[in-house]
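Dear colleague,

I am handing over a structure that you have not worked with before, and I would be grateful if you could look through it. My notes on what was found follow directly after it.

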Amino acid sequence: MQARSLLFIGIPLLLGALLCVDGGAQSLGRSTPEAEGVSSEAIVDFVEAADKNVDTFDSFMILRHGKVIAEGWWKPNSAEAPHIMNSVSKSFTSTAIGLAIQKHKLKLDDPVLKFFPAYAPPIPSDYLKAMKVRDLLTMSGGHAVEPKASEAGPSVKRFLAQPVVYQPGTHFLYNTMGSYVLSAIVTKVTGQTALEYLRSRLFEPLGIQNARWDSSSEGNSLGGYGLYLRTEDMAKFGLLYLQHGRWNGKQLVPRKWVEQATSKHILNENEAHAQIGPDWTEGYGFQFWRCRHNAFRADGAGGQFIVVMPDQDVVVAITANTGNMQGELNAIWDHLLPAFQAKPLPADAAGQEKLNAIVANLTAHPKRSTN
């Protein structure tokens, strides 16, 4: 059994400390649940609910006050193995746009056609000409039908050819191709793919090594999907946003961008995703979803989540392979949310031992029948 496949609890560390492990990568500090005001029993309940009711979790990591208080991987998943992020990738694309705006490479209200005149239809519609970077970020570009990639992959030209039937900024429609176009804009204005642009500005400062982001035949990071990260990498990104873009005393991402990106800019209660559950009706930001309980999240198909809970000073990172994505969030709201206390709790060696034992034996189970 690999040592890091176990839960790291019961190892008190200096507050906010970072450890250098894995060939120099920065690892988040660890603490015990009780030291950070959470009972081990509540985390046991969360893990048991996740294992029983959601088919199937791959991993989780819980941060409180900037430190990891619980983590686990369902074998054969492991701490070191990167996991597909699916649409969690969109929140990283948003961050790349925010950093490029900070460097005056573009503006939120720049027309999308400004960057791709050669790909524009012969006679662009007024709505297409009105489509702005801001509208792509908020999934409100004006399409009635989401543009789809061809067999050759996503294409800016294909996106711009799709009829724009609503005034941009007024109609929410989940649009992965729009996220790809945002990535293409990053490449256009910086000369680097989104992966390359984020490497020195985000990944390296966070101690994220070997991030992989698949690219299109046009040479752009896929933007809306295709990113691979470890669970701890996800948790670091969530902690960065919880800390308003600051990391080790340095402002990596502008505070204003963090606030804009994670605020509600458009309603989405009538969109198809609303059928997943109530956490898909809380509004949408700049490639981030709003949640109940004043939380926000990066969100990917199959149950990839980075849930940030500012009121509780908490980040929960989850990887999974499930169709029950609302069930994942319910496990957080039902078992973890009520457990966060303002002050440390008395040490609970028995509770921590029980939690360790449960997490040490997590194994991904075969897909259960729904009949």
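Helices (H or I, at least four residues) and strands (E, at least two) are DSSP runs, numbered from the N terminus. This is a predicted model, in which local features need pLDDT of at least 70 and side-chain atom pairs count only at pLDDT 80 or more, while totals for chains, interfaces and linings use all residues. Residues are numbered from 1 along each chain as its sequence is written, and side-chain values use heavy atoms, with hydrogens and water left out.

The chain has 11 helices and 13 strands. Its C-alpha trace spans about 70 × 50 × 35 Å along the principal axes. Buried residues (under 20% relative accessible area, with exposed meaning over 50% and partly exposed in between, for a 1.4 Å probe and protein chains only) account for 57% of the 371 residues.

Some backbone details deserve a careful look. Most residues other than glycine have a negative phi, and most peptide bonds are trans. His 104, in the loop between helix H2 (89–102) and helix H3 (126–130), has a positive phi near 60 degrees and is exposed, with a relative accessible area of 72%. Met 139 also has a positive phi, of about 60 degrees; this residue sits in the loop between helix H4 (133–137) and helix H5 (156–161) and is buried, with a relative accessible area of 1%.

A cis peptide bond joins Asp 55 and Thr 56, with omega about 10 degrees, and the bond from Lys 75 to Pro 76 is cis, with omega near 15 degrees.
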